[in-house]
Amino acid sequence: MARTVLVYVEVSDGKIEDHSLELIGKARELATKGGMDVGALVVGHGVRELARELIYRGADEVHVVDDPRLGTYRLLPYTKAVAHVVGATSPEVVLFSATVVGRELAPRVAARLRTGITADCTDVDIGSWTDPLSGRVYENILYQIRPTFGGEIMAAIVTPQHRPQMATVRPGLFPIPQRDETRSGRVVEWSVELDEDSLDSIEVLEVRREMRKVDLKSAKIIVSGGRGAGPKGFELVRELAKLLGGEVGASRAAVDAGWISYDHQVGLTGQTVKPDIYIAVGISGAVQHIVGMKDSKIVIAINKDPEAPIFRVADYGIVGDLFVVLPKLIEKLKQGRLPGGS
Amino acid sequence: MPLNIVVLVKPVVDPKAVVRFRPDGTIDRSAAKLVANPYDKYAVEAALQLRERYGGRVVGLSMAPPQAADALREVLAMGVDEFVLLSDPRLAGSDTLATSYALSAGVRMIERKLGKVDLVVCGIESSDSNTGHIGPEVGEWLGIPSVSYVDTVLDVSEGYVVVKRLIEGGYMKLRVRLPAVLSIAGTSYQPRIPTLRDVLASRRKQITVVGVDDIGVDPSLVGLAGSPTRVVRMWRIEIKRKSKIFTDTDVDALVEKFLEELRKDGITLSR
Ligand SMILES: Cc1cc2nc3c(=O)[nH]c(=O)nc-3n(C[C@H](O)[C@H](O)[C@H](O)COP(=O)(O)OP(=O)(O)OC[C@H]3O[C@@H](n4cnc5c(N)ncnc54)[C@H](O)[C@@H]3O)c2cc1C
Ligand SMILES: Nc1ncnc2c1ncn2[C@@H]1O[C@H](COP(=O)(O)O)[C@@H](O)[C@H]1O
């Protein structure tokens, strides 16, 4: 059997998530480097039809666990399904997206298989490693690269002896591979024995989810408001965004408060954005927010607390009350004094 | 129904301190002060609120070197009843698989003393390793359900807990069989600040230090030997930001200074 890099594919409303396609692309790169195949694993109900699309995107083989009882994601039965296929096919590497599902499911599977796992990687690579203690050389193993200590420090991690080598990888970092309808591959259907005990362990009572409408990813300018803005402040945030020809973003606190809809949220559980200019208004700068905007070209922060962590990732910071600063800024910009402009 | 709750608290290098490297590239933890992982205080708050609602006992569990005891005092002052501190040189170098194995053995030990544990609550991630793995992995070792990204615990009854869980774009309400592990996302529990009286009272509370032999773990499954992963290299990322911060009591002057600087740097604010 060929050595494989397996990607766990997330499906939402019958559609393959973009971040899973990104991972297939990345897996292709790793597989080429290490002389491996790309596998994809999709679990759910009515997901069989997605296999061909995964092949077009770069998978050599697609493993499908299609079962009406797996229609909604529940941790224990999904763990069972994933661990079953991984156990039976012995991939070298298994990659998950670092989403709320991936970051819960992947460590659970890793513990079941008694192997190592690295969370929230910003990159993965194939290389060789020499164990300084034993002198033993490991060829073609997975380098798992991730921030740690709250993002200040990067670490490279390997799993020399245990298989599979597992990692969750942050969404939004790699391009989605082109669709190639000439590609062919193998589809393997699995039926997994699901015991009542794990099926009964978790019941989904309710799902509330807003659909995504606003695309912040391609915005050049984003003005984001946080808890500090309040509903009134958001009017100022919107006005500034409009004046600058940009989009409106938000922190989760602002979304949770209901001042703006979820599709504007930036951060770990929102969108990852890379505008030319990101203006954070009344946002403290929690790590979960920063991971979503730290690759912006220029960051401007307006906050009344000089100690707010957002200032540590800002190019320009205005310490002041946004209810005073924003109206003044808007006024001056309206007077045709856009800096650098005419 | 009174609940037996174990709360997992990780003593970490104070996240406000700047991380220092030794010449060989490893992190120097010796000088830094240890504090309770900030995210774990949300978990502690959740556990305390559950105890207030249903009665029962909240036992803290930590795996750390003995000097971490000081960091746990603060959590005892918040209202945790007692602490078990798992400390043993053989635990050094444990990754998340080994740590979760040792902690699950710690939960079992507490269970032998206290009776059945209904809930294990932990933080969503630690400020130093930021993995969020421990919750699901402890659940796996104990063979019980786990839920990550829990926003609020809504109800506990008849052997089930109902939780609101964060997902991309919203929330999910789940009914989960007990016992269960819950990783609390720090969004809706505001950790209480202990009063002076709480602090004084906490001095009488017990921190029981136990080792590998006391909790009956297989020494080959903990420490470096029991850890599949190896950290190969660590390096600091330079945040390349200009960090030009403006303050002024006069808002006109403040905004003007800011705009002037943008002009100087050749930055256009409009698209
Ligand atoms: C699992 C998980 C996922 C998460 N995902 C995300 C995510 O995707 N995106 C996200 O943003 N967060 C996310 N969070 C939440 C995150 O941890 C923070 O709680 C959130 O980002 C805080 O939002 P905030 O900065 O708007 O609010 P706060 O932290 O309350 O900050 C408000 C700021 O406004 C300032 N302020 C107040 N009044 C004024 C004024 N008049 N003028 C100027 N400044 C003022 C204050 O000084 C303060 O700094 C997540 C958390 C968890 C646990
Ligand atoms: N050494 C430890 N001792 C006690 N609890 C821990 C330890 N490590 C992790 N935890 C718990 O597990 C959560 C997730 O941590 P982590 O997986 O390291 O990001 C933390 O918020 C703690 O509640």
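Biologist: How much area is buried between chain B and chain A?

Modeller: About 7,700 Å², with carbon and sulfur atoms giving 59%. Buried area is the accessible area (1.4 Å probe) that two parts lose on being put together, summed over both. In chain B, B:Glu168, B:Arg241 and B:Leu269 lose the most to chain A, together 11% of what that side buries. Keep in mind that this is a predicted model, where local features need pLDDT of at least 70 and side-chain atom pairs count only at pLDDT 80 or more, while totals for chains, interfaces and linings use all residues. Residues are numbered from 1 along each chain as its sequence is written, chains are lettered from A and ligands numbered from 1 in the order in which they are written, and side-chain values use heavy atoms, leaving out hydrogens and water.

Biologist: Why is B:Arg177 with A:Asp197 called a salt bridge?

Modeller: A salt bridge is a side-chain nitrogen of Lys or Arg within 4 Å of a carboxyl oxygen of Asp or Glu. The closest N and O atoms here are 3.5 Å apart, so the pair qualifies.

Biologist: What makes A:Val266 a polar contact of ligand 1?

Modeller: A polar contact is a pair of N or O atoms within 3.5 Å; within protein, one must be able to donate a hydrogen and the other to accept it, and residues adjacent in sequence count only if both atoms are side-chain atoms. A polar backbone atom of A:Val266 is 2.8 Å from a nitrogen atom of the ligand, so it counts. A:Lys304 passes too, with a polar backbone atom 3.1 Å from a ligand nitrogen.
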